[in-house]
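Good morning. Please have the sequence and the structure open while I talk. I will go through sheets first, then the ligand, then some single residues.

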Amino acid sequence: MMSFYKQKFTAILLMLVVSLSAQSQDKGLTPADKSKIDVLLKSMTLEEKIGQLSLFTSDWDVTGPSLNGNYKKLIKNGSVGAIFNAYTVDYVRELQRMAVEESRLKIPLIFGYDVIHGHRTIFPIPLAQACSWDMAAIEQSERIAAQEATAEGLNWTFAPMVDIARDPRWGRVAEGAGEDTWLGCKVAAARVRGFEGTDLKATNTMIACVKHFAAYGAAQAGRDYHTVDMSMLSLYEWYLPPYKAAVDAGVGSAMTSFNEIAGVPSTANRWLLTDLLRKDWGFKGFVVTDYTSINEMVNHGNAADNKDAARLAINAGVDMDMQGSTYLDYLAPLLEEKKVNLSDIDQSVRWILEAKAKLGLFDDPYRYCSKERQEKEVMTPEQQLFARKFVAESCVLLKNPGQLLPIPGNIKKIAVIGPLGDSKKDMLGNWSAAGNWEKCVTLVEGLNNRPGKQYEVVYEKGCNVTDADRSGFDAAIKLASTADYVILALGENGWMSGEASSRSNIDIPGVQNELAEAIVKTGKPVAVALFNGRPLAISQLNSLPVAILETWFGGTQAGNGIADVLFGDVNPSGKLTMTFPLNLGQVPVFYNSKNTGRPYNPADPGAKYVSRYLDCSNDPLYPFGYGLSYTTFSYSALESIVDGGKIKVSISVTNTGNRDGEEVVQLYVRDKVGSITRPVKELKGFRKVLIKKGETRSLEFNLTTDDLAFYHPDLKKYWEPGEFTVFVGGNSAETMAKTIEVK
Ligand code: GLC
């Protein structure tokens with residue numbers, strides 16, 4: 001147990017951290033802003049206050065099950081605090097004018113949108129971005145997204161989505177950073193920094209919205225919107241930290257999740273939204289629901305009707321009702337019946353007015369309506385160049401037998417075969433905001449775009465993505481037979497992941513596997529470009545003598561970035577942030593699992609009474625952290641020094657191949673004995689380093705006992721002295737290991 005003084009010191013430190021977090025939460029609010037809000041609040045009628053707590057969609061884009069056609073009338077009545085799914089300078093200016101010139105108090109609107117992986121320039125889907133392990137690039141992509149979105153009138157994005165997910169059946173894994181909590185925290189903070197910058201009053205920054213609070217990614221059976229039920233320990237250890245990381249990074253809003261947690265929907269969960277988010281974490285932004293999630297509490301069965309649901313939500317700490325119109329319809333009668341408090345309504349209004357003040361909207365409601373910015377700062381060449389590089393950096397080389405890749409320089413004819421080879425729409429992936437699919441570069445186009453190319457590119461679709469039509473096989477086989485090299489473009493449609501896109505079968509759909517087998521039989525060298533929004537069960541494809549490059553959905557510059565990797569202009573450096581299972585039967589399968597009381601021992605493969613399957617290995621096809629390069633790396637000289645509460649780990653990494661390459665060197669730790677069982681490995685650090693061919697780099701990681709801390713049944717987080725193993729390697733399964741004692 002900690003000494004009295006250590007406990008006191010820790011308590012002071014904690015208060016300091018919370019207050020620093022609160023300060024970062026308060027960033028951009030001046031005393032003048034606060035007094036202006038005080039005056040405004042006093043002058044508002046109850047209806048006008050309730051209006052600020054209502055968010056409605058315009059009719060430009062549909063992102064949920066219901067629409068409210070009279071949003072313009074509501075704006076003029078002062079009955080709307082924010083509008084989403086509306087952008088471009090002209091449209092935003094038109095709606096803002098209604099609010100600030102036709103409503104009584106002229107309170108400006110906030111304009112929100114799902115800018116998830118780019119606004120006009122669409123970047124790789126977030127799961128792909130995470131596989132770059134490049135926090136600076138992830139932050140930069142959000143910086144560009146904010147630049148483009150704010151140039152078109154927006155100032156609030158419903159991102160980052162930080163839900164930890166371990167089940168690839170859930171289509172929304174595409175929107176997150178994968179299975180690891182520690183990495184998820186780094187990505188969450190990077191995204192918030194990218195969107196919000198250091199000054200929300202700057203017209204190229206926007207309020208971010210951490211979502212979906214909380215634990216939406218743990219939906220039962222990977223089925224979207226399904227029940228979430230877990231121990232508080234698991235919630236605290238694995239699912240909550242990335243939301244906290246976003247709060248600590250200063251995120252200006254949070255979105256409640258559709259799901260219940262242990263019987264209470266997040267949108268009615270006072271412990272979650274007030275006790276934890278506000279009191280423990282010091283969150284000072286505003287809480288918005290997900291799309292009609294207040295109304296949906298009637299379906300959940302914890303509210304008798306929409307009025308009851310509105311009561312639950314406002315009393316839990318929800319500030320803004322997205323599209324449900326329940327606050328607009330019921331808060332006044334609920335107040336009359338003394339079922340809700342005016343002080344809660346006033347506080348919610350204050351959070352929202354503060355957000356508007358932070359954005360500078362009271363100074364100039366049209367500050368995000370610059371025609372000049374809209375013309376000059378969207379889809380610029382520099383943004384496209386960055387996007388192209390980010391596509392390449394997000395690709396993961398899964399298999400490369402006989403160095404099939406990169407494509408040899410003397411190739412004269414390349415056949416692209418498969419339904420994803422020439423599909424612009426699919427390159428956008430899900431949640432592509434204002435992205436224009438017509439501007440996407442397909443794989444075929446990317447291969448043809450190469451300056452001075454000395455080869456011909458031919459294309460046959462061969463089959464569709466999802467049906468059983470094999471009529472295209474013959475033409476595909478025939479064309480492949482005339483080529484020197486074949487690239488198979490296989491995978492999912494872009495709409496098969498994202499919201500409301502769970503799959504009960506995560507194989508490569510349709511007859512694509514059969515097409516691959518038929519093409520391989522031609523005897524030509526074959527590389528696969530895999531297009532998907534989730535880990536797939538690709539064992540059948542993987543059994544073929546082909547190279548496999550995971551390309552995800554790369555967005556606007558997909559084809560160019562992928563071609564840069566296929567031809568070796570870029571050496572792939574991506575590493576999986578979500579496990580690829582051998583088959584669906586293994587799911588959920590993830591690297592940081594527990595050892596169990598009867599662990600399988602590979603040295604004793606015949607043992608029966610151990611935790612194993614009769615028909616399948618426990619090991620996934622490709623583990624967390626895995627990814628190949630066109631060069632090779634070797635690890636040596638793993639050393640560690642423990643000095644009091646500090647642990648220094650050093651490693652040497654040598655580029656043993658014949659070209660320069662980047663390697664993501666990963667540090668994992670195992671706590672051998674804990675009062676709460678600990679995972680067999682936990683990611684605690686990484687370094688992405690460029691190592692020239694033949695070069696050896698010595699790297700150092702510095703941990704403290706804080707990095708060894710974990711949650712206990714009292715939900716306090718602290719470490720326990722004892723034996724630990726440190727692992728360092730290029731993925732979570734192949735590492736050097738060293739046991740250390742930390743007292
Ligand atoms: C959707 C999504 C959420 C999105 C919101 C607004 O239902 O769950 O992620 O931000 O509605 O479009």
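Two strands count as paired if DSSP finds at least two bridges between them. The strands themselves, like the helices, are DSSP runs numbered from the N terminus: a strand is E over at least two residues, and a helix is H or I over at least four. The model is predicted, so local features need pLDDT of at least 70 and side-chain atom pairs count only at pLDDT 80 or more, while totals for chains, interfaces and linings use all residues. Residues are numbered from 1 along each chain as its sequence is written, and side-chain values use heavy atoms, with hydrogens and water left out.

Start with strand 6. Which way does strand 6 run relative to strand 9, and how many bridges join the two? They run parallel, joined by 3 bridges. One of the facing pairs is A254 opposite V287 in strand 9. On its other pairing, strand 6, residues 253-256, meets strand 5 in the parallel sense, again over 3 bridges. There, C209 stands opposite S253, and V210 stands opposite A254.

Put together, these strands form an open sheet of 3 strands in the order 5-6-9, with parallel pairing. Strand 5 (209-213) and strand 9 (286-288) are the edge strands, each pairing on one side only. Neighbouring strands of this sheet are turned by 25° against each other on average, direction ignored. For that angle, axes are lines fitted to C-alpha atoms, for helices over the stretch in contact, and angles run from 0 to 180 degrees between N-to-C directions.

In a regular strand, side chains alternate between the two faces of the sheet. In strand 6, S253 and M255 point one way, A254 and T256 point the other way, and all are buried. Buried means under 20% relative accessible area, exposed means over 50%, and partly exposed is in between, using a 1.4 Å probe and protein chains only.

For antiparallel pairing, look at strand 19, residues 661-671. Of its 11 residues, 10 are buried. It is joined to strand 20 (residues 682-691) by 9 bridges, running antiparallel, with Q666 opposite F686. Strand 19 also runs antiparallel to strand 24 (residues 722-729), with 6 bridges between them. R670 has T725 as its bridge partner there.

Now the ligand. Which residues come nearest to it? Of the 14 residues around it, they are T63, D114, K211, H212 and D290. A residue counts as near if one of its heavy atoms lies within 4 Å. The shell divides into 7 nonpolar, 2 polar and 5 charged residues.

For D114, the distance from a side-chain N or O atom to a ligand oxygen is 2.5 Å. For D290 it is 2.6 Å, and for R172 it is 2.8 Å. The protein covers 100% of the 310 Å² of accessible area that the ligand has on its own.

Last, some single residues. The peptide bond joining F213 and A214 is cis, with omega about 10°; A214 is in the loop between strand 5 and helix 9 (232-239). A cis bond also runs from L405 to P406, with omega near -5°.

T292 is not a glycine, yet its phi is positive, about 55°. T292 lies in the loop between strand 9 and helix 12 (296-300). Is T292 buried or exposed? It counts as buried because its relative accessible area is 8%. W552 also has a positive phi, near 55°, and sits in the loop between strand 16 (547-550) and helix 23. At 1% relative accessibility, W552 counts as buried.

Helix 23 itself, residues 558-566, holds N560. N560 is buried, with 6% relative accessible area.

Technical notes:
A polar contact is a pair of N or O atoms within 3.5 Å; within protein, one must be able to donate a hydrogen and the other to accept it, and residues adjacent in sequence count only if both atoms are side-chain atoms. Accessible areas come from the Shrake-Rupley method with a 1.4 Å probe; for residues, only the protein chains shown count as cover. Ala, Val, Leu, Ile, Met, Phe, Trp, Tyr, Cys and Pro count as nonpolar, Asp, Glu, Lys and Arg as charged, and the others, Gly among them, as polar.
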